[in-house]
Amino acid sequence: MINLDIDDIEDDPEQDEGKTKKYVLKEFDSRLDAMGALYALRIVRNARVYRRVFERSSYVDDEIFELLGLAPGTKRTSPDKAYSLRSAIKRQAVLAESAMSSRRDVLARNIGKLGDTLRFSDDERRILHLAVITRKVSGFTELWSNASLSSEGVCEAIGRAVGMTGAAVGKALRPNGRLCRSGLFETARIFLDDRNPLELNSRVGGALVSPRFEIEQFLRCLIRKGGKPRLKLEDYSHIGEAELVRRYMMDASAHHRKGVNVLLYGLPGTGKTEFVRALAGELKLELHEVPNEDSDGDPIRGNQRFSSYAICQKILAGRRRQVILFDEVEDVFGNSANAFLALFGRSFTDDSRLGKSWTNEILETNPVPTIWVCNDIGAMDRAYLRRFDMVAEFRAPGPAATRKMIERYFRPHEISDACAERLSTVEQLPPAQIERVAKVVRSLRSTSIECRDREVLRLVEASMRAMDLKAAVPTAPLPAHYDPAFINADSDLGLLIKGLGQGAGARMCFYGPPGTGKTAFAHHLGRKLGQPVQVKRSSDLLDCYLGETEKKIANAFRGAQEAHAILVIDEADGFLRDRAGASRSWEVTQVNELLTQMEAFEGIFIASTNLVDTLDAASLRRFDFKVKFDYLTSAQRRSMLARIASTAGESTDEGYRALAELDRLETLTPGDFANVLRQLHVTGAAPTATLIVQRLKQEAAMKPEGHKHRIGFLR
């Protein structure tokens, strides 16, 4: 088939001027516009493209005429200045060529600099020149859309525009070529988008038309310099893989290894990004970070971020001691929200446009070591996951590690031990937040330690609330005056503590009425053994999504194992119900998961419950110790009353009557005494024996055991 050029087709007869539309030629305001018009004119002068754009369409977008520099003629137009469309296109092409020769080509100079760095051929530079023009000059989207060309036709059109054959264009744009693999384009698959087959990364186009283009300045358009570290690697002693990552990155940098990729994941606030900055600082590596928003604060799409990353890998390839941080990588490799929407054929991001082969190739050959960071890997493609050299999960520091950071960032006696103890028990407290709070409190210059304590707790709560984390700073888990003598257990707790102090692990079930001191004794045990205590309640572990509760149970055991902590699951009856009465499959799987984790756990595990009768029989057999915590004995009740009651203003007879009444209250617990003391503190009443016993009677009457069924007449 002969591909006719429009130059070989005769002009339309202009005898009937009423039927022939006339056009006038517009001058070009800039070299960029002139270059855009010249490229477009070369494309449409092909007979096939001309027919598709102008003859087969009932409507031609005005943007195309603007691009070509044509405007409809009017009645006032001089006849010798108005032309038919074919004639106007021919004449405008001559004018555009003339306009190009008289102006300095800044774009060509910039592409030359970039091409030298990325080792582009002359053909690749010509195509990149066209790609920038089609990105920066409006009208090309409409032109490509109206032309509706096949891949082969696009190659021919690009070739006509830049003075190449279609075969040469196809060779320069092959999928594994330098141009496609450079990251300059939105996707590694050229021609994927029929709106613009050369869809360039938006930030690349803007940088290449700058009159002050330099490679270093271009690099900073794509990625930013890494932030300064606020923490040290020693703050991550609770992360078992942290030292392995440090050693691996040190070796990779020293030996210039290719394809080095480490993935860090974990909940927000666990210090992943700060760890990378601290790592780069200690190893004296120059850190570059791939941003997720532009200078205006608008989000950058995942495929654009990955393209920028690929370009920077090429630019930084020859430099020593470099490392790249790619944070929030979910928008590139997928996230749980996208996995759900994929069921309906929808997605939040354009990650599918990246091309898996291109992505895998970059992960396997990137010359600059990269640390990838995300919050969730649940929906990531396993083909990507297996290409990471190391995968490390980041968790909250835990009380012991948090206490070390508190001692380092706060000066001696700057805050009280009680305040430090409360801070160390805050779950998900970001390590960097401790440093910030210490800096702020120090600048406030409060003179009293009590005032500084209040400021610290207030700042932490406000910060946690702003980050949508658990905001409440818990009270101290165990008061300083705690006394295990007021525990009525059916086992020798002192002997138990002594045995556990030998380093043996154990699985224990503490059961009994509420308020008898089960959880308090677990904290006392931790204090005696010098181990942190991690308490998990139903609200911490239960999840409405299928399988998530089991995952949280596993994470709780793993976190306690790594922190060498005593793990306490409070209200364990919610997880260890008898499987014989289960009506839903997930009720069985939760029990199975907890039993599996219990058997594999090497530390001290405590399950506390008020409803031991509802526990699964198989789970009860797995506990080494089953300790019953019962109501206070008569002697314990009298001893506790004597410790807290005041004799001022109360007669001896009143005291004896109070003791006699106390002896009849057989369902009292240490928690009941604590409640009464709080009531008296609020009201300011004197803690006399009579008043305390009166309040204890009210507490006892509220319990199910206090409601006695009476037979006969009521008076």
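1. Start with helices H12 and H13. H12 covers residues 242-254 and H13 covers residues 272-283. Their axes come within 11 Å and cross at roughly 45°. Angles under 35 degrees would count as roughly parallel; H12 and H13 are therefore oblique to each other. H12 passes H13 in a right-handed crossing. Note that this is a predicted model.

2. Who makes this contact? From H12 come Ala242, Val245, Arg246, Met249 and Met250. From H13 come Phe275, Leu279, Glu282 and Leu283. The contact of H12 with H13 divides into 7 nonpolar residues, 2 charged residues and no polar ones.

3. Next, look at H21 and H22. H22 spans residues 449-466. The axes of H21 and H22 come within 10 Å, and the crossing angle is roughly 135°. An angle has to be over 145 degrees to count as roughly antiparallel. H21 and H22 are therefore oblique to each other. Their crossing is right-handed.

4. On the H21 side, the contact with H22 uses Gln433, Val437, Val440, Val441 and Leu444. H22 supplies Arg452, Glu455, Val456, Leu459, Val460 and Ser463. By class, the contact of H21 with H22 has 7 nonpolar, 2 polar and 2 charged residues.

5. H21 also packs with H19. H19 runs over residues 399-409, and H21 over residues 431-444. The angle is about 30°, with the axes 10 Å apart. That angle falls under the 35 degrees cut-off, and H19 and H21 are therefore roughly parallel to each other. This crossing is right-handed.

6. Which residues in H19 meet H21? They are Thr402, Met405, Ile406 and Tyr409. Their partners in H21 are Pro431, Ile434, Glu435, Ala438 and Arg442. The classes here are 6 nonpolar, 1 polar and 2 charged residues.

7. Now the cavities. How many cavities of 30 Å³ or more are there? The count comes to 2. The largest cavity has a volume of about 50 Å³. It is lined by 10 residues. Asn46, Val49, Glu156, Ala157 and Arg160 lie nearest its centre.

8. Which helices line the largest cavity with at least two residues each? They are H2 (47-55) and H8 (151-162). H8 gives the largest share of the lining, 4 residues. By class, the lining of the largest cavity has 4 nonpolar, 3 polar and 3 charged residues.

9. Two backbone points deserve a look. Most residues other than glycine have a negative phi. Ser148 has a positive phi, near 50°, and is not a glycine. Where does Ser148 lie? Ser148 is in the loop between helix H7 (140-147) and H8. H8 is also the helix with the largest share of the cavity lining described above.

10. The second case is Glu328. Glu328 is not a glycine either, yet its phi is positive, at about 50°. Glu328 lies in a loop. Strand E6 (322-326) is on one side of that loop, and helix H15 (330-333) is on the other.

Key
Residues are numbered from 1 along each chain as its sequence is written. This is a predicted model: local features need pLDDT of at least 70, side-chain atom pairs count only at pLDDT 80 or more; totals for chains, interfaces and linings use all residues. Side-chain values use heavy atoms; hydrogens and water are left out. Axes are lines fitted to C-alpha atoms, for helices over the stretch in contact, and angles run from 0 to 180 degrees between N-to-C directions. Angles under 35 degrees count as roughly parallel, over 145 as roughly antiparallel, 65 to 115 as roughly perpendicular and the rest as oblique. A crossing is left-handed if the near helix is turned anticlockwise from the far one by less than a right angle, and right-handed if clockwise. Contact means heavy atoms within 4.5 Å. Ala, Val, Leu, Ile, Met, Phe, Trp, Tyr, Cys and Pro count as nonpolar, Asp, Glu, Lys and Arg as charged, and the others, Gly among them, as polar. On a 1 Å grid over the protein atoms alone, a cavity is a set of points where a 1.4 Å probe fits but cannot get out, and a pocket is an open set with protein on both sides within 12 Å along at least five of seven lines; lining residues have an atom within 4 Å of a point. Grid points are joined across faces, edges and corners, and a volume is the space filled by probe spheres set on the points.
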